[in-house]
Each structure stands twice: as C-alpha cells, then as structure tokens.
Amino acid sequence: MEKNENRKIYILLTSFPDMGSKMVGFMTNSIFTHASIGLDEDLDTFYSFAWKGFIVEKITKYIRPDRKPYPCELYEMDVSAEKYELIKKILLEFVENRHKYSFARAGLILGLMRMPLVQKRKYFCSQFIADVFKRSKALHLKKNSARYFPRDFGRFPEMSLAFKGNLSGMIKMYKLRMKTAKESR
C-alpha cells in the first residue's frame, strides 16, 4: 500500500434494549445510543466502552435467532494512511491496557445534563471515540470530548452514511461471516 493512499474509519451507531440505552435515548432524543469505532481491515471488529469498561465488539455475536434485530447506522470517513495508523495505534493501546480503563458512569450522567466531566481512564462510548479523533487529529472537534453523543458522529461533513438498517442487514451487505456456536467458544 502506498503511503498517500486513504483508508476508511467506521463509526457504528446502534441501539440496544437495555435500561441504560433507553435512558440515553430519552435524554438525547435519539434512537442510537451506542457508538463504536472500527477500521477498514475488519468490519466485524469495533472498539468502544460499555457498562463493563473498554470492549472489543464482534458485531456478528449480536445476531441470534432469539433476539430482535438491532437498528444501526454505519458511517465511514476517509483518512490518510498516516492518520489511520495513528488511530490504529491508539486503539491497540486501549486493547493492551483494557484492565486500566472503566466506564464513566458519572461522566455519562453529567454529560447528558450538559455538564461534561473528564476523568482519568474513564470513558463512555462516544466520549472515547471523540477522544480518539482528537488525539489523532482525524476530525476537528470543537467541544470537550465528554459532550459528544452517538448521534453527533453522523453530523460531521467528513462522515458519509454507508449503511442504514439493522445489524443483520449490515452483516449480509458486507458479507461478514457468522461464526458457529463451536467457533465462538
């Protein structure tokens, strides 16, 4: 790959049926209550924060016959190879140090009340993504990272909507391979 070749960064917005998600949806007046960031080399793997802390999400694991399909929107953004590698490096730092991070419960609640709180090694999903963009300078963000929520990422002119529907449809469109129960263990 040439050094000047652009790469894609993805933002996946989803909504889950839990109480925390419903609260965020109510407070932000948005159907999408969770955001994850992914790289173009593996559209099944996304990085984010959830109630249990930093997570590496395999979206194909969310698809089960006993669950309703989860609504989603997938946004993509072109970045230079240099910025892509920097974002990848930042994400790998989180993966390698995941035990040092936790979910920013107070930060989320105060952020929803428009009183941003930044805590060392604590994030909520969209704050984490905003921080990755600020650190990599991939997007020019004007607000404190704790003031961004999932719906905000679709509003940037640099982002384009790549898919809208549900996770099952996205998996089919991008031909992501579903793992068998045996492979998931």
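**Contacts, burial and cores**

Reader: What makes the link between the side chains of T45 and D42 a polar contact?

Author: The side chains of T45 and D42 are joined at 2.4 Å. A polar contact is a pair of N or O atoms within 3.5 Å; within protein, one atom must be able to donate a hydrogen and the other to accept it, and residues adjacent in sequence count only if both atoms are side-chain atoms. The value of 2.4 Å is within that limit, so the pair counts. A further polar contact, of 2.6 Å, joins the side chains of T45 and K58. This is a predicted model, in which local features need pLDDT of at least 70 and side-chain atom pairs count only at pLDDT 80 or more, while totals for chains, interfaces and linings use all residues. Residues are numbered from 1 along each chain as its sequence is written, and side-chain values use heavy atoms, with hydrogens and water left out.

Reader: Why is T45 called buried?

Author: Buried means under 20% relative accessible area, exposed over 50%, and partly exposed in between, with a 1.4 Å probe and protein chains only. T45 has 6%, so it is buried. T45 lies in strand β3 (residues 45-50); strands are DSSP runs of E with at least two residues, helices are runs of H or I with at least four, and both are numbered from the N terminus. Leaving out residues up to four places away in sequence, T45 touches G38, V56, E57 and K58, where contact means heavy atoms within 4.5 Å.

Reader: What makes R114 exposed, and what makes R121 partly exposed?

Author: R114 has a relative accessible area of 60%, which is over 50%, so it is exposed. R121 is at 38%, so it falls in between and counts as partly exposed. R114 is found in the loop between α3 and β7 (122-123), and R121 is also in the loop between α3 and β7. Neither is a glycine, yet phi is positive: about 65° for R114 and about 60° for R121.

Reader: How do you know that the span of helix α2 agrees with what it should be?

Author: The expected span is 1.5 Å times one less than the number of residues. For the 16 residues of α2 (residues 81-96) this should be 22 Å, and the end C-alpha atoms are 22 Å apart, which agrees. The buried residues of α2 are A81, Y84, I87, I90, L91 and F94. An α-helix has 3.6 residues a turn, so residues three or four places apart point the same way.

Reader: What makes the 41 residues a nonpolar core?

Author: A nonpolar core is a set of buried Ala, Val, Leu, Ile, Met, Phe, Trp, Tyr and Cys residues joined through side-chain atoms within 4.5 Å. The largest such set has 41 residues, and those with the most contacts inside it are I11, I37, I87, F128, F133 and F153. The largest share, six residues, comes from α4. Apart from this core lies another, of 15 residues, among them Y10, L43, F46 and Y70. In soluble globular proteins, nonpolar side chains tend to be buried together.

Reader: How many of the 185 residues of the chain count as buried?

Author: Of the 185 residues, 48% count as buried. The chain has six helices and eight strands.
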